[in-house]
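Welcome! Please take a moment to look over the sequence and the model, and then we will walk through a few of their features together.

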There are 4 protein chains.
Amino acid sequence: MTVHTFRPTHYWNTLGPHAPVLEIGDGDTVITTTVDAAGRDHTGERVTPGGNPQTGPFYVAGAEPGDMLALHLNRLTPNRERGWSLSGLAPNVVEPGTPLPKPGSHFTDWRMDLEAGVARLWEPQGTLAGLALPLAPMLGCFGVAPWGKQAISTGTSAEHGGNMDYRGFVAGTTVYFPVFEPGALVFVGDGHAVQGDGEILGTGIEISFDVEFTVRVLKGRRSGWPRGENEREIFAVGNARPLDQALQHATTEMLSWLQADYGLSDADAGLLLGHAVRYEIGNVFDPAYTVICKVDKQTLAQLAGQAA
Amino acid sequence: MTVHTFRPTHYWNTLGPHAPVLEIGDGDTVITTTVDAAGRDHTGERVTPGGNPQTGPFYVAGAEPGDMLALHLNRLTPNRERGWSLSGLAPNVVEPGTPLPKPGSHFTDWRMDLEAGVARLWEPQGTLAGLALPLAPMLGCFGVAPWGKQAISTGTSAEHGGNMDYRGFVAGTTVYFPVFEPGALVFVGDGHAVQGDGEILGTGIEISFDVEFTVRVLKGRRSGWPRGENEREIFAVGNARPLDQALQHATTEMLSWLQADYGLSDADAGLLLGHAVRYEIGNVFDPAYTVICKVDKQTLAQLAGQAA
Amino acid sequence: MTVHTFRPTHYWNTLGPHAPVLEIGDGDTVITTTVDAAGRDHTGERVTPGGNPQTGPFYVAGAEPGDMLALHLNRLTPNRERGWSLSGLAPNVVEPGTPLPKPGSHFTDWRMDLEAGVARLWEPQGTLAGLALPLAPMLGCFGVAPWGKQAISTGTSAEHGGNMDYRGFVAGTTVYFPVFEPGALVFVGDGHAVQGDGEILGTGIEISFDVEFTVRVLKGRRSGWPRGENEREIFAVGNARPLDQALQHATTEMLSWLQADYGLSDADAGLLLGHAVRYEIGNVFDPAYTVICKVDKQTLAQLAGQAA
Amino acid sequence: MTVHTFRPTHYWNTLGPHAPVLEIGDGDTVITTTVDAAGRDHTGERVTPGGNPQTGPFYVAGAEPGDMLALHLNRLTPNRERGWSLSGLAPNVVEPGTPLPKPGSHFTDWRMDLEAGVARLWEPQGTLAGLALPLAPMLGCFGVAPWGKQAISTGTSAEHGGNMDYRGFVAGTTVYFPVFEPGALVFVGDGHAVQGDGEILGTGIEISFDVEFTVRVLKGRRSGWPRGENEREIFAVGNARPLDQALQHATTEMLSWLQADYGLSDADAGLLLGHAVRYEIGNVFDPAYTVICKVDKQTLAQLAGQAA
């Protein structure tokens, strides 16, 4: 249960079977930092090329293909005052041929007011001058090394995680990844101070983070897709295009989970899901989109054999 | 501002330019009933063929093509004790080839406990015996006559509404429809006592309803798709396949709304949406799927020129 | 086996359970005309509102729900010299955000040279001046009344046919439709002198037609989707969005056909299709897209029990 | 213009920035072999793990990011008598929930009759006993190293090529790839003796090949996606899900090509395409589907300034 403080010196723009920067143990905690999507650190200096550069990979001793890796997000804190977002909507989220809003400038800068817990325009003006968006720091892109010795761009996502941009990946959440490579090879990056559903600008408010996480190896626990849980709910994540298919992956993964861990027959799992499921939309900007399939813990506590 | 009590004697399985059952005025209220998706009324008797039969249409005096019709849902109450749902998941919400849970029987019956505000299995047994799902009565299928003299099945949805199965269509919500036919021709039906997102069983808990709604004609207010609002948020609805396209329609409709009614330039509307949008998934079972694009009123209240 | 000559006096913009214009018998032939997509007849005069207006419906004596209607296209001939097309690509066939070619004018006129069998620009100029596109007259929109008493716009397609825009619907082809209404109710319209795959301009070369077709009622022969055949091949048609789903419908329909009529087990039908299938793309412009699933008759002739 | 004979000793299951096996010059020819999708060579022995193992990569001197690589397929010949295919249809090409044909066995063996130019069942029996499918040897999976230092599985495809399974990749065809890595890094593999459109069994008739190809570096010629040409037509390739998006990429790429090389304005390119485009469907089995956008050379020869 060691706490490692790690200061990155290089970053990756793919999640793949790269040389680990640190070996950590089952139950260990890592305190580290991430640069923003453009490769800028807490000082605002560009220290690596842009494109969601990742800190890591961290080799988790004992994690083998066929296990599951639990990644608990202890703390995600923007570590500088100025964040930025793109200013214009992605053309794929509006009807084809819609003339797209021409933003005043390509980038919009935002000021973090950590005390008030909000982000405001760096240069407030016009109709949006009074905007104060509640800070909700989340990891946009993180995960483990993919299957089949692939190295996959941080611009997309798949079974291994990657650029999922789900607003639920906040501190206090535990995320579960299937392990494809020895040591799992954990990557973290792409912090967002605020983000709307879908990341439909192609960015949230992009900013560098202080990050703390704790890992656990769940031996022999298989999953096909990332999973997660927080105080209120459990969730499964599907990453694919179109949204329909992402939803299919997430739903299928949740069905498996309910059967394996909640004592439900396949028929009861379907019936429960039919009446209690909630979906959320992660990224709808990337080559792969993200859909989340959720069930609240209050409902699960009603199941026979579950502790309330 | 008349209150009409209307007792239906026949029902429609398409939304179309059908002969009105009642003419009502701008501001009037209608108290009526709907049968369940299988055509059964409050006594449980099948009074009309199944397939989301609709009560109506109600002709709203003064509503003309190019106007918008506001339909405020005052009250939606299950009016019998027993509801039913299908028991097995729709094959289109799981990965292709997934062996589907075989339910014990094709239908599952549910008991409404209006006092406790929950639905329970009619015959509680097995792992789900203790399930008590919070009642959240909503209209699954309702709307107005479509464009172009079409008569469209109550099994699907489009610009005119129809079978959207959005959990947000509860009492207290105002829904806005584009008007395509003189009198708008309002239809209501397909009450659900409880429903998971997506209606992934192909049903919620289907039951007959007592319904009360109030109409208002918004002269010359155009919209391309249904819209709505409740205490917390405004929302736009897109109905299409695949989900990606439903999301495009909903997002484009919301962009128009923000520009027309909230004093935002097109660029500012996009920027606001990018950071504040929330999506929900309505129906993912029908020929047309449904996506909802929402913005919360607290955020809108921060805009210059908006009353807090 | 009567030959009826029918001169239309009104047209429909939906396919639905409308009052027949003529009752014809099993085996009868109809000689009639269609206006172009904008409602213009052989003189170029606009005689009805645009939007693929349909001639018909023709009531076929003896056709009942659950039968199949064979429609043999005997002759499709442009009956005036000037046709027209839209000039710019549909935004949904290019990558989102692609700046679309700005055409010189919204419409392009074309001259039919029936002798040479080609269409040329009405006003030849620039790089395209020498273009001589082989005439290949086809019906863009035709079919029967839909299921469930629906009236569906001629701007889209479904199980009943409609706006499929498949280049294979030329003279010499037999098209099979499921019958949903007594008399089937046959509609024909929307002639194209030339069309690229997908109708990606939103039009082919639109022109009025002389049309001759012969009907046959196939009692008790069920199909889920339109089918067809010509000298070289048999084909099944799926109409839906996205293309993936249209392809699923077409493939499933062909599987059923191979089993029912060619003595193949379900496994052999799949194996044959896997090695011999050809797909074509009909409309990719409408609310519903069209995919065609084909098998050539030479391959079918190799099956045991089939006449060579 | 050297001719290299290369005998592979190891294979790759990703296309990525791997160490070259051979450096060749602009204009050089390579004579080599490929194993089948399961890793079996001309003797039928499994020499490497399955999953479309690739021969290569070949480093082409002078090829730099921003160039285009022309790969002319001189010769593709099955080099053993026995090929195999999967026996059952992929569940994603039929309507969700369709009970899938249960094949007699998981694999079907086929005998190459090179003299007669056909493939027959290894053990002819039943209705398919007389089947004689014309041999049409093609490369299923080939291409160059992807952008961004990715290593992408041979089970899918993208801008760099990969597992496209297009029946048009036969001998006599020239394929053009964008160059992302120095030397381009050419991979070839996954020979199919016969294949239906879409590779809807998940395989064609899989077999090892003798392969001969010639490379050319087109300095400074950019493309976004693979292109190709044969005697009759030019074509552009889009690889993505769903099919709609693959079609968008292919169409957009063809538009660029027509403007850059055929003297067409953007408007004229769109107009020409609208009337002359043909689409074909490559793979509909992989994570990325493939659509081909074609224009025939006879039509192009009619353009002003083009040699007939």
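## Some ground rules

A crossing of two helices is called left-handed if the near helix is turned anticlockwise from the far one by less than a right angle, and right-handed if clockwise. Helices (H or I, at least four residues) and strands (E, at least two) are DSSP runs, numbered from the N terminus.

This is a predicted model, in which local features need pLDDT of at least 70 and side-chain atom pairs count only at pLDDT 80 or more, while totals for chains, interfaces and linings use all residues. Residues are numbered from 1 along each chain as its sequence is written, and chains are lettered from A and ligands numbered from 1 in the order in which they are written.

## Two helices in chain D

Let's start with the crossing itself: α1(D) passes α2(D) in a right-handed crossing. Helix α1 of chain D covers residues 243-261 and helix α2 of chain D covers residues 266-276; they pack at an angle of about 125°, their axes 9 Å apart. That angle makes α1(D) oblique to α2(D). Here, axes are lines fitted to C-alpha atoms, for helices over the stretch in contact, and angles run from 0 to 180 degrees between N-to-C directions. Angles under 35 degrees count as roughly parallel, over 145 as roughly antiparallel, 65 to 115 as roughly perpendicular and the rest as oblique.

Which residues meet? From α1(D) come D:M254, D:L255, D:L258 and D:Q259, and they meet D:D266, D:A269, D:G270, D:L272 and D:L273 of α2(D). The residues of this contact divide into six nonpolar, two polar and one charged. Two residues are in contact if their C-beta atoms, placed from the backbone, lie within 7 Å. Ala, Val, Leu, Ile, Met, Phe, Trp, Tyr, Cys and Pro count as nonpolar, Asp, Glu, Lys and Arg as charged, and the others, Gly among them, as polar.

## The pair in chain B

Now turn to chain B. Helix α1 (residues 243-261) and helix α2 (residues 266-276) of chain B pack at about 125°, with 9 Å between their axes. This makes α1(B) oblique to α2(B), and the crossing is right-handed.

## Where chains C and D touch

How many residues does each chain bring to this contact? Chain C gives 58 residues and chain D gives 58 residues. On the side of chain C, α1 (243-261), α2 (266-276) and β20 (278-281) each supply at least two residues. The most comes from α2(C), with eleven residues. By class, the side of chain C has 30 nonpolar, 21 polar and seven charged residues.

## Where chains D and A touch

The contact between chains D and A takes twelve residues from each of them. Chain D's side is made up of three nonpolar, seven polar and two charged residues.

Chain D superposes on chain A by a rotation of 180° with 0.0 Å of shift along its axis (RMSD 0.0 Å). That is the relation of a two-fold axis. Copies are superposed by least squares on the C-alpha atoms of residues with pLDDT of at least 70 in both. The same surface serves both copies, as 100% of the contact residues of chain D recur in chain A. Within chain D, D:A151 comes closest to the rotation axis, at 2.3 Å (C-alpha).
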